[in-house]
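Student: I'm new to this structure and would like a close look at one part of it. Could you walk me slowly through the pocket and the parts around it?

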Amino acid sequence: MNTETVGPDTERHSPIRNFSVRLSSTPRGARLARLLATEQLRTWGLPSDPAEHIVAELAANAATHGRVQGRDFDLTLYVIGDTLRIEVTDTRAERLPRTRRPSPDDESGRGLLLVEALAARWGTTPGRPPRKTIWAEVGLRQAPAPAPAPAPRDACFGGAGCLFQRTQG
């Protein structure tokens, strides 16, 4: 049998990264999905915003509308190039998501509007019965390079930190 061991340094530089976890279809499972996604993105050195909000909404929908007693939902994150794809798979294929315009007094119904606003693209993919996957894609932006420190106005002594300034006197 041939085996290959990949060290953490090799894995980090791979152009394709993924993370997948199965969670209970409960409010606790939905909350854990958001926390695990945020931690995974931090581990990869990627920004958690807006992905954590999208994961929270999709996981909450899976736990609320896609819930079947005794069946879990799956959360998967893929990073391919400069795109993060978020997938949440539940076991209620017959209940497809739909956006609606809630009235100002409605206490719910805004989750998919939020996903639509935050994601570059989103949609639904049928899975093996009885599954469906709701996915969203987010473009990953590179953090801007820090601005260089301003040049001191007066002559400095003590190295780069300008510990002492020469004063006129």
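Tutor: Happy to! Let's begin with a sorting rule: Ala, Val, Leu, Ile, Met, Phe, Trp, Tyr, Cys and Pro count as nonpolar, Asp, Glu, Lys and Arg as charged, and the others, Gly among them, as polar. Please also keep in mind that this is a predicted model.

With that rule, the lining of the largest pocket splits into nine nonpolar, eight polar and seven charged residues. In total, 24 residues line this pocket, and those nearest its centre are N61, H65, P97, R98 and L112. Two or more lining residues come from each of α3 (51–64), β3 (83–90), α4 (111–118) and β5 (132–139). Helix α3 gives the largest share, six residues. The space inside the largest pocket is about 480 Å³.

Side chains of opposite charge can pair when their charged atoms come close. The model has seven salt bridges in total. In one of them, R85 pairs with E87, and their closest N and O atoms are 2.8 Å apart. E87 has a relative accessibility of 15%, so this residue counts as buried.

Another salt bridge joins R121 to E137, with 3.0 Å between the closest N and O atoms. This one connects distant parts of the chain, since R121 belongs to strand β4 (residues 121–126) and E137 to strand β5, 16 residues apart. The two partners can be told apart by accessibility: R121 is partly exposed at 46%, whereas E137 is buried at 15%. Through shared partners, R85, E87, R121 and E137 form one network of salt bridges.

Now let's turn to another pair of strands. Strand β1 (residues 16–24) runs antiparallel to β2 (residues 72–80), and nine bridges join the two. Across this pairing, S20 stands opposite T76 of β2. The covered face of β1 holds R17, F19, V21 and L23, while I16, N18, S20, R22 and S24 make up the uncovered one.

R22, from that uncovered face, forms a salt bridge with D74, at 2.8 Å from N to O. Exposed means over 50% relative accessible area and buried means under 20%. R22, at 54%, therefore counts as exposed, and D74, at 17%, is buried.

Conventions: Residues are numbered from 1 along each chain as its sequence is written. This is a predicted model: local features need pLDDT of at least 70, side-chain atom pairs count only at pLDDT 80 or more; totals for chains, interfaces and linings use all residues. Side-chain values use heavy atoms; hydrogens and water are left out. On a 1 Å grid over the protein atoms alone, a cavity is a set of points where a 1.4 Å probe fits but cannot get out, and a pocket is an open set with protein on both sides within 12 Å along at least five of seven lines; lining residues have an atom within 4 Å of a point. Grid points are joined across faces, edges and corners, and a volume is the space filled by probe spheres set on the points. Helices (H or I, at least four residues) and strands (E, at least two) are DSSP runs, numbered from the N terminus. Buried means under 20% relative accessible area, exposed over 50%, partly exposed in between (1.4 Å probe, protein chains only). Two strands pair if DSSP finds at least two bridges between them. A salt bridge is a side-chain nitrogen of Lys or Arg within 4 Å of a carboxyl oxygen of Asp or Glu.
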